[in-house]
Amino acid sequence: MADLVEFARMNGLGNKILVVDMRGRADKVTPEAAIALNADPATRFDQIMAIHDPKAQGTDAFIDILNSDGSKAQACGNGTRCVVQALAAETGRKAFTFQTVAGILNAVEHEDGTISVDMGKPVFEWNKIPLAEEFFDTSRIELQIGPIDAPMLHSPSAMSMGNPHAIFWVDRDPMSFDLERFGPLLENHPMFPEKANITLAQVTSDASLRTRTWERGAGLTLACGSAACACAVSAARTGRTGRKVTIDVASSPVRQPLVIEWRQDDHVVMTGPAEWEWSGKVNPATGVFLRDEEPESVAPGSLAK
Ligand SMILES: N[C@H](CCC[C@H](N)C(=O)O)C(=O)O
């Protein structure tokens with residue numbers, strides 16, 4: 001069983017995350033393993049966060065991110081909070097610096113258990129998001145679905161948070177839209193050569209938004225942290241809100257908002273919870289896994305295991 005590595009099933013606001021410990025190894029979690037894990041209801045997930053040994057000086061780990069279809073993602077806000085919680089529980093440390101393909105992320109766990117991740121700087125240039133067509137102003141691009149004279153959704157704000165996002169502004173509850181039907185069309189629209197995460201965002205006050213996301217490579221998920229960041233930045237950028245907002249992730253079963261601040265230094269800081277569910281061991285090449293025995297339940301307040 002030397003091929004098995006530790007993993008934890010966790011979630012960030014319901015976003016299903018598998019944190020896989022690949023430290024001390026040169027191999028990677030394969031797309032085949034991701035697809036196999038996603039096919040089993042016990043391990044169905046939205047993103048795998050694979051923790052690797054650090055590659056750059058001053059960082060604690062390199063994190064490789066996989067979507068449930070086996071494709072790679074450059075950023076995952078909810079998953080990053082899960083990694084912080086797992087490593088904080090292991091080491092007792094509170095602050096971490098990670099490297100991903102999109103850059104360096106600093107994160108800290110607070111006394112109340114919430115976790116803040118500095119998601120870096122937003123990117124607005126059309127060819128870096130990337131978009132297929134040149135737009136001088138990507139805060140409102142020409143794209144619509146539905147009848148030409150009465151589009152159901154139109155003029156999204158586009159940007160990259162390390163990964164590509166399109167935010168459609170809606171004036172009613174995002175849950176009342178059939179995102180399952182048009183999510184795939186928009187994710188794969190020719191406007192987005194690397195596809196895109198598609199979010200519906202409703203402005204509920206000058207400091208709050210309600211959102212729902214169709215994720216690139218993962219479909220409808222219960223929550224998406226990088227999309228929440230993209231919504232906060234896009235709302236401020238278009239004058240809809242100030243630079244600090246709470247995000248009510250409409251699809252999440254966890255009724256705790258994400259707090260997002262687009263700081264004056266251009267960094268986007270996301271704060272929210274993470275939750276450990278269970279742990280086990282997994283073969284990173286095949287996805288074959290074993291769930292750890294759970295300790296017998298103990299009376300509340302008892303220290304006995
Ligand atoms: N759930 C993640 C986003 C995953 C991004 C992924 N779907 C992509 O860009 O391909 C989050 O909390 O930020």
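Mentor: Start with burial: a residue is buried if 20 or more other C-beta atoms lie within 10 Å of its own, exposed if 12 or fewer, and partly exposed in between, with C-beta atoms placed from the backbone. This is a predicted model, where local features need pLDDT of at least 70, side-chain atom pairs count only at pLDDT 80 or more, and totals for chains, interfaces and linings use all residues. Residues are numbered from 1 along each chain as its sequence is written.

Trainee: Is asparagine 15 buried or exposed, and why?

Mentor: Asparagine 15 is buried because it has 29 C-beta neighbours inside 10 Å.

Trainee: And what about serine 226: buried or exposed?

Mentor: Buried, because serine 226 has 30 C-beta neighbours inside 10 Å.

Trainee: What is asparagine 15 in contact with?

Mentor: Contact means C-beta atoms, placed from the backbone, within 7 Å. Leaving aside neighbours within four places in sequence, the partners of asparagine 15 include Asp46, Asn78 and Gly225.

Trainee: Now the ligand. How many residues surround it, and which are the closest?

Mentor: Being near a molecule takes a C-beta atom, placed from the backbone, within 6 Å of it. Here 20 residues surround the ligand, the closest being Ala73, Asn78, Asn163, Gly225 and Ser226.

Trainee: What does UniProt list as "binding site"?

Mentor: Its unreviewed entry lists positions including Asn15, Asn78, Asn163, Gly225 and Ser226. Such annotations may be inferred rather than shown by experiment; feature names are shortened and positions follow the numbering used here.

Terms used
Contact = placed C-beta atoms within 7 Å.
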